[in-house]
Amino acid sequence: MWQELIQEVRVAQMGVQILFGFLLTVVFTEKYDDLTDTDQTIYLMTVVLGACATGALIGPVSLHRLVSGRRVKPQAVRLASRLTLLGLVLLLATTTASLLLILRVATHDDFVPYLVAGVVGWYLLCWFVLPLWVRHRHTSQ
């Protein structure tokens, strides 16, 4: 289970690191000063969420390195799995806030919250609802 978990984390890590790296550059652009106070607040929340997601998704790697050879693999796998799930939830929040900010700045339209809600619904379906449905339908646990 450890190898599978680490492979899953690698995929999520790359996505969150690219998103977080992009977010870190926004504050240094000319456009940042033109953002409304609300948009700057959304941006700051997005950066903090991205930092937290990065920490949670890199955590299993650090955990593995620090406990390797200590005969605590079952406990480490459970903790790493929880960190990964937390990281995915934080990545969902980061992506949602990023999308909200980008669409607010790009369109200034009232339909933006509805569009973002639709995308969040899609993420929830793909990332959580379908996997939980498969788990429920095809396992006895």
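Mentor: A bend at a residue is the angle between two axes, one fitted to the seven residues ending there and one to the seven starting there. This is a predicted model. In it, helix 4 bends by about 45° at Leu125.

Trainee: What makes the span of helix 4 close to the expected one?

Mentor: Helix 4 has 27 residues. From first C-alpha to last it reaches 37 Å, and 39 Å is expected at 1.5 Å a residue. The expected span is 1.5 Å times one less than the number of residues.

Trainee: Which residues of helix 4 are buried, and what covers them?

Mentor: Val112, Val116, Val120 and Phe128 are the buried ones. Helix 3 is included in what covers them.

Trainee: How many aromatic pairs are there in the whole structure?

Mentor: A search finds three. Take Tyr123 and Trp127: their ring centres are 5.0 Å apart and their planes stand at 15°. Rings pair if their centres lie within 6.5 Å, and planes under 30 degrees apart count as stacked. So Tyr123 and Trp127 are a stacked pair.

Trainee: Where do Tyr123 and Trp127 lie?

Mentor: Both are in helix 4, residues 112-138. They are four residues apart, about one turn of the helix. An α-helix has 3.6 residues a turn, so residues three or four places apart point the same way.

Trainee: Why is the pair of Trp127 and Phe128 called edge-to-face?

Mentor: Their ring centres are 6.5 Å apart, with the planes at 65°. The cut-off for edge-to-face is over 60 degrees. The angle passes it, so the pair is edge-to-face.

Trainee: Why does Thr54 count as buried?

Mentor: Thr54 has 12% relative accessibility, so it counts as buried. Its place is in helix 2, residues 37-67. Setting aside neighbours within four places in sequence, Thr54 is in contact with Val16 and Phe20.

Trainee: What about Ala97?

Mentor: Ala97 is at 10% relative accessibility, so Ala97 counts as buried. It sits in helix 3, residues 73-107. Leaving out neighbours within four places in sequence, its contacts are Ile42, Thr46 and Leu49.

Trainee: What makes a nonpolar core, and which residues make up the largest one?

Mentor: The residues must be buried, of a nonpolar kind on the list for cores, and joined through side-chain atoms within 4.5 Å. Nine residues make up the largest core: Phe20, Leu23, Val26, Tyr32, Leu35, Ile42, Tyr43, Val47 and Leu101. Helix 1 (2-26) and helix 2 are the elements that give two or more residues to this core. A second, separate core has eight residues, including Trp2, Val9, Ala76 and Ala80.

Trainee: Which residues does UniProt list for "transmembrane region"?

Mentor: The unreviewed UniProt entry lists residues 12-29, 41-63, 83-105 and 111-134.

Notes: Residues are numbered from 1 along each chain as its sequence is written. This is a predicted model: local features need pLDDT of at least 70, side-chain atom pairs count only at pLDDT 80 or more; totals for chains, interfaces and linings use all residues. Side-chain values use heavy atoms; hydrogens and water are left out. Rings of Phe, Tyr and Trp (its six-membered ring) pair if their centres lie within 6.5 Å; planes under 30 degrees apart count as stacked, over 60 as edge-to-face and the rest as tilted. Buried means under 20% relative accessible area, exposed over 50%, partly exposed in between (1.4 Å probe, protein chains only). Contact means heavy atoms within 4.5 Å. UniProt positions are given in the numbering used here, feature names are shortened, and annotations may be inferred rather than shown by experiment.
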